[in-house]
Every structure is written in C-alpha cells, then in structure tokens.
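This note reviews selected local features of the structure shown below. Comments are set out as numbered points.

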Amino acid sequence: MIERVAATIERYRMFRPGDRVGVAVSGGADSVCLLHVLRELAPRWALRLSVLHLDHRLRGEASRADAEFVRELAAGLSLPFYPGEADVRSLREATGENLEQAARNARRDFFLGFLRGGLLDRVALGHTRSDQAETVMFRVLRGTGLSGLAGILPVTAEGFVRPLLEVSRPDVLAYLGSRGLSWREDATNQDPALARNRIRHQLLPALQRDWNPRLEAALARLAALAQEEEEYWRVETGRLEAAHAVRRGRAYFVRVRPLSELPRPLARRLVRRLIERARGDLRRIEYEHVEQALELARREKGDGRICLPGLVVWRSFDWVRFSPSGEDFPQTFRREVAIPGCYPLPDGGRLRLELAEARAGALCASGYNRGGSHLVDRERIRGLLELRSWIPGDRYRPAGHTTVRNLADLFQRARIPLWERGSWPVLESGGRIVWSRGFGAAAELVPDAQTRWVLKISEAPESPEAPETS
C-alpha cells in the first residue's frame with residue numbers, strides 16, 4: 001500500500017521537497033488512511049503536514065463529533081489542525097445548487113483559501129480508484145463528452161493532489177484494519193436518495209457481478225487514458241487559441257473563418273476553451289451549449305447572440321465574442337469636455353483634444369480611419385462640447401461625404417460589430433455631431449483658408465489585445 005501510493009506520487013510529481021501539505025480529513029476511512037500514509041511517506045519529500053477539516057453543519061451532533069475526532073487525530077500525530085465551518089444549507093439556497101454540489105464547493109473554497117493565501121503548497125484529498133470509477137460512471141450516465149471521461153485528476157493547477165487515486169476502497173479498509181486504525185462513518189453515504197450512493201451501492205456492484213468483475217479497474221483505466229488524451233488536446237487547443245483568439249478585458253474574440261474551416265473536433269475544443277476563459281470554468285456547460293456557439297459561428301452570414309449559463313456569445317460580421325453574463329451590453333456615457341484635454345473611453349482607449357494654429361495645406365482625413373487624427377475649425381463650434389456614446393438615430397455628414405448619413409448605416413458599411421456600437425464615442429456641440437470615431441469630422445467644420453485655430457481630435461491606442469474590426 002505505502003509503496004503503491006509513493007509510486008503514484010512520483011508518477012504525477014505531486015510534491016516537491018519541503019512542500020507544506022494540508023491533508024483534507026473528514027474523519028472517514030479514505031481521509032484517515034490518506035493522513036496516516038502521508039505521515040509515513042513525509043520524510044521522503046521532507047513534507048510539512050497539517051490537517052484541514054470543514055464542518056458542513058449538516059448532521060448536527062454527528063458533524064461536531066466528526067470535527068472533534070479529526071482534532072484528536074491531528075493532536076495524536078502532533079500535526080497542526082485547521083478547522084472551518086460552512087452553512088451548506090444556506091449556500092444551497094443562495095446558489096440553487098443541490099446539497100452535494102454546495103458542500104463540494106464549500107470544501108473547495110475552504111481549501112483554496114490556504115493555497116491562494118500562501119499558507120500551503122498542496123492540499124491532499126482522499127479520493128480513491130473506487131471514487132474514480134463512480135465518477136466516470138456518473139458522468140457517462142449524464143451524457144458526458146470526451147473530456148468528462150477523464151474523471152478526477154490526480155493533480156490540478158490550483159494545487160490539489162490525490163495520492164490514493166490508484167488505490168481501491170477495499171485496499172483502504174485493509175490498510176486501516178491491519179493497523180487497528182479507527183474512523184468515522186457518515187450515515188449520508190448510505191442514503192439511496194443520492195445518485196452517487198445508488199451508483200456505489202447498487203449499479204456498480206450489479207455490473208461487476210453480471211458483466212465485468214474488474215469493472216472498477218476498467219473505468220479507472222479509461223479515466224487515465226482520457227487524461228492523457230486531454231493533456232495532448234490541452235496543448236493543441238492552447239496553440240489554436242494563441243493563433244486565432246484575442247482578448248480584450250474579460251471578453252475573448254475569434255474570427256469566424258477558423259471556426260468554419262477547422263475540423264469540427266478542433267473547432268469544438270477551441271469553443272470550449274474560449275467559454276472556459278471567459279467564464280472561468282465549464283460548470284453547467286453541456287455539449288448542446290458548445291454546439292449552439294459553434295453553429296452561431298459557422299452560419300454563412302448574419303449577426304446573432306445566444307445566452308449560455310454565465311456567458312453571452314455574440315456573432316457580428318467576421319468575429320465571435322465570448323463574454324461573461326452581465327458584461328454583454330456596451331457601456332453608454334455622456335460628459336462635458338474641455339479643450340485641451342484627454343478623456344478615458346469605456347473600451348480602454350483615450351480621446352485627446354488639442355488646440356493648434358491652422359497650417360496652410362493641412363488635410364482633413366476622410367473615409368473610415370479608426371486610428372487617425374481629425375481636424376475641425378475650432379471657431380465654428382458653438383456652445384459646450386460633449387463626449388458621449390452613439391445613440392440610435394444619430395446622423396451627420398462626415399468629411400468626404402456629399403450627403404447626411406446615419407451612423408447605423410456607416411457602422412454597417414465599415415463592418416463595426418454590434419457589441420462596439422453602444423459605446424462608440426461621438427463629440428457633440430449644440431445638438432450637432434462634431435466628430436465620431438473612425439468616420440471623422442463633420443463636413444461643415446472642415447478647416448479651410450479662413451481657419452485660424454483647429455481642434456485636433458485623436459485617439460490613443462487601445463489595448464494591443466483588442467481585435468481589429470475592419
């Protein structure tokens with residue numbers, strides 16, 4: 001047992017010499033076994049162990065007794081003990097999750113506090129090969145994709161490790177029995193109302209009896225193979241992301257073409273990666289959600305917008321945008337401005353206003369010019385100058401045009417994505433547009449031979465991560 005766990009630790013490089021390791025101990029058989037095994041193995045890596053326990057406050061006196069049992073266990077091993085409490089029922093009501101998921105998230109947050117706070121280098125969890133088999137079966141029954149077959153990971157990016165993942169539950173019980181070690185039993189682990197318990201106590205035993213006595217090992221092997229496949233695809237998808245996706249703020253962008261031309265399995269993985277980037281995780285994201293986003297991108301023409309759990313996906317012209325829910329609508333604004341001055345814009349750029357003497361032969365840019373400077377005759381501007389966002393119905397005659405144009409039409413001709421229009425900057429004076437981003441100065445304000453002072457309007461460069469929209 002000890003050497004099998006040591007081999008797992010070595011195989012996945014779970015620890016570095018001198019790591020501070022918090023052992024998550026609920027008081028159950030698996031976690032008690034993990035603690036004793038790691039205490040025996042600690043000298044090999046000079047590990048500094050401590051014991052973590054979260055009381056979910058779900059079982060009254062039994063929960064308190066669990067906490068006291070773990071406290072005494074830590075004291076008997078001369079290890080630091082760090083307890084915590086969480087009102088899981090209140091968390092469930094607040095989030096709408098089921099009780100198991102709420103408890104899982106509470107534990108995760110508790111442990112992450114030690115990792116992110118720099119108090120620990122690793123948190124060791126007591127999941128076994130039996131847990132792995134149950135997880136894979138549970139996901140198959142729910143209709144998982146290929147990535148779900150990877151099951152429980154032996155090491156995570158956050159710092160969670162699972163040294164017992166190649167040890168079965170009977171092995172754990174045999175280890176504890178051979179050493180006369182006691183543990184606590186959680187009555188909820190027998191509750192048939194919980195899906196995982198029905199898989200553990202009914203479905204898997206029946207399948208092992210009637211179909212494959214080595215089913216647990218087969219499911220664990222499937223998970224290990226899927227993990228290797230997923231690691232390959234993680235690197236490959238990272239290459240695709242670097243080649244085709246860009247980021248601005250918390251939103252991620254990708255051109256329509258690669259999503260249309262990539263083989264569908266690659267395109268699907270790239271979409272999943274961008275959803276995860278924008279949201280922070282893939283919880284509640286199902287196969288159908290990825291397919292909806294992919295179909296939106298692969299449509300031959302047209303704009304569109306779909307809402308997924310915690311995410312909004314936009315399609316406009318040549319771009320698809322993935323952004324967290326609540327950040328999908330552009331930010332409108334209006335403020336009075338002075339000359340000279342430099343003013344922030346919602347997308348991270350800055351608008352600069354400068355006053356200068358007119359120069360003979362100075363040209364005023366015309367046509368769509370997103371990054372250029374534009375000149376207007378300062379003395380023809382009457383009244384206060386306001387910087388605001390575009391409003392539907394805005395219209396003016398830009399320099400170089402012979403007729404008044406709706407900004408909405410100009411957006412369409414310049415292929416400005418839908419998500420950029422609402423915060424599109426416009427300068428206004430006396431109810432008339434003086435300038436708008438990209439389309440430039442109003443024709444009636446273009447400097448001429450009589451102009452003495454010009455207002456130079458320019459935009460500082462946006463973030464280099466912003467995608468080009470033209």
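1. The model is predicted; local features need pLDDT of at least 70, side-chain atom pairs count only at pLDDT 80 or more, and totals for chains, interfaces and linings use all residues. Residues are numbered from 1 along each chain as its sequence is written, and side-chain values use heavy atoms, with hydrogens and water left out.

2. Helices α4 (residues 88–95) and α5 (residues 99–116) have axes that come within 9 Å and cross at roughly 110°. Axes are lines fitted to C-alpha atoms, for helices over the stretch in contact, with angles from 0 to 180 degrees between N-to-C directions; helices are DSSP runs (H or I, at least four residues) and strands likewise (E, at least two), numbered from the N terminus. The two helices are therefore roughly perpendicular (65 to 115 degrees).

3. In this pair, V88, R89, L91 and R92 of α4 meet L99, A102, A103 and A106 of α5, contact being heavy atoms within 4.5 Å. These residues comprise 6 nonpolar, no polar and 2 charged; Ala, Val and Leu are among those counted as nonpolar, and Arg among the charged.

4. I339 and P340 are joined by a cis peptide bond, with omega about -5°. P340 lies in the loop between β11 (334–337) and β12 (341–344).

5. S78, a residue other than glycine, has a positive phi near 60°. S78 sits in the loop between α3 (61–76) and β3 (81–85) and is exposed (over 50% relative accessible area), at 65% relative accessibility.

6. F317, also not a glycine, has a positive phi of about 55°. F317 belongs to the loop between β9 (311–316) and β10 (319–324) and is buried (under 20%), with a relative accessible area of 12%.

Conventions: Angles under 35 degrees count as roughly parallel, over 145 as roughly antiparallel, 65 to 115 as roughly perpendicular and the rest as oblique. Buried means under 20% relative accessible area, exposed over 50%, partly exposed in between (1.4 Å probe, protein chains only).
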